[in-house]
Amino acid sequence: MTEEQGGTDGSGLGERERALLAVERRSWPGPGAKERAVREGLGLSPTRYYQLLNALLDDPRALEHDPVTVNRLRRVRAGKQQRR
C-alpha cells in the first residue's frame with residue numbers, strides 16, 4: 001500500500017493521523033474555521049476529532065513525526081488537567 005492510498009510514512013503514522021497533526025500545526029483566522037476544516041476536510045465531527053487527537057498525543061510515533069506540535073499539545077492538555 002502506498003502513502004497516497006492511506007499507508008504510512010517513515011514514522012509509521014497513517015494518513016489520517018498525519019492529517020490530524022497537520023490541522024493542529026496551522027493557525028486559524030477565527031472561531032469556527034478549524035471546526036469547519038475538520039468537518040469538511042477530514043469528514044469528522046469536532047468531538048471525534050478531539051478524541052482521536054487526544055489518543056494520538058500518547059503515541060510515540062506521533063512524537064517522532066512532529067515533536068514540536070505534539071509537545072505543545074501535550075503541554076496544553078496537561079495545563080487543562082491541572083486546572084480541573
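User: In this predicted model, is Glu 24 buried or exposed?

Analyst: Glu 24 is buried, with a relative accessible area of 8%. The reasoning step is a cut-off: a residue counts as buried when its relative accessible area is under 20%.

User: Which residue does the side chain of Glu 24 meet in a salt bridge?

Analyst: The general idea is that side chains of opposite charge can pair when their charged atoms come close. In this structure, the side chain of Glu 24 meets that of Lys 34, with 2.7 Å from N to O. The pair links distant parts of the chain, since Glu 24 belongs to helix 1 and Lys 34 to helix 2 (residues 33–42), 10 residues apart. Lys 34 is buried as well, with a relative accessible area of 14%.

User: How many salt bridges does the count come to?

Analyst: The count comes to four salt bridges. Among them is the pair of Arg 25 and Asp 66, whose closest N and O atoms are 2.4 Å apart. Arg 25 lies in helix 1, whereas Asp 66 lies in the loop between helix 4 (60–65) and helix 5, so this pair ties together parts that are 41 residues apart in sequence.

User: What is the relative accessible area of Arg 25, and is Asp 66 buried or exposed?

Analyst: Arg 25 has a relative accessible area of 45% and is therefore partly exposed. Asp 66 counts as buried, at 8% relative accessibility.

User: Which residue forms a salt bridge with Asp 59?

Analyst: Asp 59 forms a salt bridge with Arg 61, and their closest N and O atoms are 2.6 Å apart. Asp 59 counts as buried at 16% relative accessibility, while Arg 61 is partly exposed at 36%.

User: Which residues is Leu 44 in contact with, leaving aside its neighbours within four places in sequence?

Analyst: With those neighbours left aside, Leu 44 is in contact with Arg 16, Leu 20, Val 38, Arg 39, Tyr 49 and Leu 52.

Key
Residues are numbered from 1 along each chain as its sequence is written. This is a predicted model: local features need pLDDT of at least 70, side-chain atom pairs count only at pLDDT 80 or more; totals for chains, interfaces and linings use all residues. Side-chain values use heavy atoms; hydrogens and water are left out. Contact means heavy atoms within 4.5 Å. Helices (H or I, at least four residues) and strands (E, at least two) are DSSP runs, numbered from the N terminus. Buried means under 20% relative accessible area, exposed over 50%, partly exposed in between (1.4 Å probe, protein chains only).
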